Amino acid sequence: TEIYTLSLHDALPIYHDRLPHDAFHYVFQRVLGNGSIEAQLPPDADGAASEAGPQASAGLMIRESTYVFGQTKDRLQDKRLSSGDIFDEAARYAYLGVRKDGALFFQYRDHHGVVTSRTQTGECSGGCSLKLSRVGNRAEASICACDRACRDFEGYTFAQPLSNPVNMGMAVTSDSVSTYPRYENYQRRFSHFKVVKGERTLREQ
C-alpha cells in the first residue's frame, strides 16, 4: 500500500474577512464526469503537540477545474506564477476534512461563499477512512471510522453546474492565520488512496 505524506504552513479561507484566497497543498487527478476519491487517515499521533493552528486539517477535496490569470493583487497582479495552469483562487469546492483534534467536518464554497455545514467532534481521533463523491452537481461525503460501519456524513448540491472535468485529490492546510506571524508546519499521512472514475453510487440525482 502506498503512503502519501503532505505538509504545509498555510490555510484554507475559513476566516472570511482575513483570508480571501486559498492556500493549501493539493495532490489531485482530473476526473471527467462522476467519480469519487477514497483514502485512509491514520491517527494523528503528533496532532495535539503540533503548533499549527486549531483549524489545521487534512482530507479529500473536489475542486472545480477552472483557471484564470491575474487574480493575485498588488505587485503580482497579472503575473504568471507557474509554468503550468493557474487555479482560480475562488473556485468552488467540496472538502471532507479532519482537524488535528480529530474532528471531522464538511466544507464547501459556492456562489454565496465558504460554508462549513457539519462538524463532528472526535469522529476521527482514532483514524478513519474517508470518501468524497461527485454525482452530477452534488458532492457526497461518507466515513468509515475504525470501529463503526460506513455511513453518509454530509452532502451539498451546487447551485450551478460544476466544471467538467473537476479535480479530485488529497489536501492539507496548517491554519497559518491563527499562528501568524509564525508559519507552523502541519503534516498528515494518507494511505489506500483511490480515485474511481465514472462512478454512480451514493445518491442518484
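**Figure 1. Strand β5 and its burial in the predicted model.** In this predicted model, strand β5, which spans residues 93-99, is mostly covered, since seven of its seven residues are classed as buried. Y93, Y95, G97 and R99 point one way from the strand, while A94, L96 and V98 point the other way, and all of them are buried.

Figure 2. The partners of β5 on either side, β4 and β6. Strand β4 (residues 57-64) runs antiparallel to β5 and is joined to it by seven bridges, and within this pairing R63 has Y93 of β5 as its bridge partner. Strand β6 (residues 104-110) also pairs with β5 in the antiparallel sense, here over six bridges, and Y93 finds its bridge partner in β6 at R109. The β5-β6 hairpin. β5 and β6 form a hairpin with four residues between them, and G102, which lies in the turn, has a positive phi of about 90°.

Figure 3. Six strands make up an open sheet in the order β2-β11-β4-β5-β6-β7, with antiparallel pairing. Strands β2 and β7 (113-120) stand at the edges with a single partner strand each, so one side of each has no neighbour in the sheet. From one strand to the next, the twist averages 15°.

**Figure 4. Strand β4 and its pairing with β11.** Eight of the eight residues of β4 are buried, so this strand is largely enclosed by the rest of the structure. Strands β4 and β11 run antiparallel and are joined by eight bridges. Two of the facing positions can be located in this view: A58 stands opposite V172 of β11, and E64 stands opposite V166 of β11.

Figure 5. When residues up to four places away in sequence are set aside, Q29 touches V166, N167, M168, V195 and K197. The C-alpha atoms of Q29 and G169 are separated by 6.3 Å, although the two residues are 140 places apart along the chain.

**Figure 6. The largest nonpolar core and the contacts of L132.** The largest nonpolar core has 33 residues, and those with the most contacts inside it are L104, F106, L130 and L132. Strand β11 (residues 166-173) supplies the largest share of this core, namely four residues. Another core, of eight residues, lies apart from it and includes Y26, M61, Y95 and V114. Leaving out residues up to four places away in sequence, L132 touches G35, S36, I37, L60, M61, I62, A94, L96, F106, E140 and A141. As a general background to such views, nonpolar side chains tend to be buried together in soluble globular proteins.

**Figure 7. Aromatic pairs around F106 and Y108.** The structure holds six aromatic pairs. The ring centres of F106 and Y108 are 6.3 Å apart and their planes stand at 45°, so this pair is tilted.

Figure 8. The protein chain averages a pLDDT of 78, and 70% of the residues score at least 70. Over residues 81-85 the pLDDT stays under 50, and the model has five contacts beyond four places in sequence for this stretch. Over residues 201-205 the pLDDT is likewise below 50, and this stretch has 12 contacts in the model beyond near neighbours in sequence. Where pLDDT is low, the predicted coordinates should not be read in detail.

Definitions and conventions:
Residues numbered from 1 in each chain as written. Predicted model: local features only at pLDDT ≥ 70, side-chain atom pairs only at ≥ 80, totals over all residues. Heavy atoms only, no water. Core = buried A, V, L, I, M, F, W, Y, C linked by side-chain atoms within 4.5 Å. Buried < 20%, exposed > 50% of the residue type's maximum accessible area, 1.4 Å probe, protein only. Contact = heavy atoms within 4.5 Å. Pairing = 2+ DSSP bridges. Axes fitted to C-alpha atoms, helices over the stretch in contact; angles between N-to-C directions. Phe/Tyr/Trp six-rings, centres within 6.5 Å; stacked < 30°, edge-to-face > 60°. pLDDT = per-residue confidence, 0-100.
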